[in-house]
Amino acid sequence: MNGEGTLDLSASATAEAILAQSASAPDVVAAARARAESQARLNAFITLASADDLRAAAASAPAGVLRGVPIAVKDNIATTTLSTSCGSRILDGWVSPYEATAVSKLRAAGAVIIGKTNMDEFAMGSSTENSAYGPTLNPLDLTRVPGGSSGGSAAAVAAGICRISYGSETGGSVRQPAAFCGIVGVKPTYGRVSRFGLVAFASSLDHIGVFGKSVDDAALGLQVIAGHDTRDATTVDTPVDDYRAESAKPLAGLVVGVPTEYFPVTLDERIRARCHRAIGVLRDLGAEIRTVSLPHTDYAIPVYYILAPAEASSNLARFDGVRYGPRAESDDLRGMYERTRSHGFGPEVTRRIILGTYVLSQGHYDAYYRKAMLVREKITQDFTKVFAGGVHVLFTPTTPSPAFTFGSKSDPLEMYLSDIFTATANLAGVPAMSQPIGLVDGLPVGGQLLAGHFREADMFRAAYALEKALGSEALS
């Protein structure tokens, strides 16, 4: 089997073919790189590994569950072999002296990282229009955004360059682009995957997430990187379920909650119809459907856009133009500082830092930040109560609209509302995922599944059954 032919196989089938020597790992990764180059106009990658480096990495890849499988990684996840720019000129050319735990686990499983993907600068955005390296295009419609901030990783999977890629989530930055690009996107429980080596945006909200061409690809991608890490004190030392094995279980006995707050009267009726069709399929497969309430949902966006900028203003203070970025041999510290400052933060990052500094300032901390923390706890309690009441998973829309055109959301508040159905999961720390459930105006619509803390297996079980039952209807 030639390398090009394997790009349409599942990630697990690709690894099996390589382990069985019916396909060559160097040929597979070379084909993935060639496809990335042929679709360079998408601007999905900031950096591609060289052909020679990829061939060497593939030839020496260990015999793990991802042996020779091409993987793309968002450019805010540290690697020692490629630069980590975070989509910002401030870090242009910077190569980390250490790599993320998730990356180390991928390498140990035999995966080959073909490149670092484009993103909104420092993960702040919902469209990948805020990258210092230019926007990424949606492979399904080049006039539309791929979502953000992990738009490059989503585009790489949607374009068939790789079956699995990795992004980061702070308020929906994996699930929203997955919905826009018609693929699967998973945000695990906070503490399920190590954040060591993920450049911080808002530390209490950040997650590393996974994109997959299918539910099985996403399940395998999460399985590899999940688990406790002594270098990240927020990870939890609890067993990791076999997500792929759990996915195959029937839905009899599974209780699916449908929260009324996620189906407002303002929701596009066509998206509502696609969601109700999916819910009907879950019912036909044996799941029990219950109407539930998460009463503090409406506060999610204002709470998120107080807490996330506040944490960002603290985390990004380290980027002072002295310690990061490329340095010419002739640069003294002053020259480096002045040159890097000339390539400073973009407008969206600047906006959020100013907002975060304001809400943390004397006289405003109690009025904004402290109050937002109290409401965040209420949002978390909503989820805890529903899952304690016997519900296994929740089903909602992922986004209030399909992918929008470039420049159509110039009002920051309108852009922020793109995360209206996703930000709650980050605030509560519960796992959530998006999968394709149909089309509106020829564009994919995502259905969102959420589960209790560390109950990703329930989520994959429902998602796999729904994907299998919908078949071609998932994109119709």
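This report walks through the cores, a helix, the charged pairs and some backbone features of a predicted model.

## Nonpolar cores

In soluble globular proteins, nonpolar side chains tend to be buried together. Here the largest nonpolar core holds 143 residues. L66, F383 and F395 have the most contacts inside this core. Helix α11, residues 300–315, gives the most to it, with 10 residues.

Leaving out residues up to four places away in sequence, F383 touches Y262, L294, L394, T424, A428, V430 and L450. Another core lies apart from the largest one. This other core has five residues, including V145, F180, F404 and M415.

L355, Y358 and Y368 make a nonpolar surface patch of about 270 Å². Y368 sits in helix α14, residues 365–388.

Which helix is largely enclosed by the rest of the structure? Helix α8, residues 215–225, is, because 10 of its 11 residues are buried. The buried residues are V215, D216, D217, A218, A219, L220, G221, L222, V224 and I225. Just after α8, G227 takes a positive phi of about 130 degrees.

S12 reaches this helix from another part of the chain. S12 belongs to helix α2, residues 11–19, and is buried at 8% relative accessible area. Beyond its neighbours within four places in sequence, S12 is in contact with D216, L220 and R244. S12 and R67 are 55 residues apart in sequence, yet their C-alpha atoms are 9.0 Å apart in space.

D216 and R244 also pair with each other. They form a salt bridge, with the closest N and O atoms 2.9 Å apart. D216 lies in α8 and R244 in helix α9, residues 243–247, so the pair ties together parts that are 28 residues apart in sequence. D216 is buried, whereas R244 is partly exposed at 32% relative accessibility.

## Charged pairs

Side chains of opposite charge can pair when their charged atoms come close. The whole structure has 21 salt bridges. The table gives three of them.

| Pair | N to O distance |
|---|---|
| R35 and D8 | 3.9 Å |
| R144 and D141 | 3.1 Å |
| D216 and R244 | 2.9 Å |

The R35–D8 pair links distant parts of the chain, 27 residues apart. R35 is in helix α3, residues 25–38, and D8 is in the loop between α1 (3–6) and α2. Are these two partners buried or exposed? R35 is buried at 14% relative accessibility. D8 is exposed at 57%.

Salt bridges that share partners join D268, R270 and D441.

E348 lies in helix α13, residues 347–360. Its side chain joins that of R351 in a polar contact of 2.3 Å. E348 counts as buried because its relative accessibility is 10%, and buried means under 20%. Leaving out residues up to four places away in sequence, E348 touches M124, N130 and Y416.

## Backbone features

Where is the cis peptide bond? It joins G148 and S149, with omega about 5 degrees. S149 is in the loop between β3 (112–117) and α6 (151–158).

Two residues other than glycine have positive phi values to note here. C86 has phi near 60 degrees. This cysteine lies in the loop between β2 (70–74) and α5 (101–108). C86 is buried, at 1% relative accessibility.

D441 has a positive phi of about 55 degrees. D441 lies in the loop between β10 (432–440) and β11 (443–451). D441 counts as exposed because its relative accessibility is 63%, and exposed means over 50%. D441 also belongs to the salt-bridge network with D268 and R270.

Technical notes: Residues numbered from 1 in each chain as written. Predicted model: local features only at pLDDT ≥ 70, side-chain atom pairs only at ≥ 80, totals over all residues. Heavy atoms only, no water. Core = buried A, V, L, I, M, F, W, Y, C linked by side-chain atoms within 4.5 Å. Buried < 20%, exposed > 50% of the residue type's maximum accessible area, 1.4 Å probe, protein only. Helix = DSSP H or I, 4+ residues; strand = E, 2+ residues; numbered from the N terminus. Contact = heavy atoms within 4.5 Å. Patch = residues over 30% accessible without salt bridge, like charges linked within 9 Å, V, L, I, M, F, W, Y side chains within 5 Å. Areas by Shrake-Rupley, 256 points an atom, 1.4 Å probe, with all protein chains shown as cover. Salt bridge = Lys/Arg side-chain N within 4 Å of Asp/Glu carboxyl O. Polar contact = N/O pair within 3.5 Å; in protein donor to acceptor, adjacent residues only side chain to side chain.
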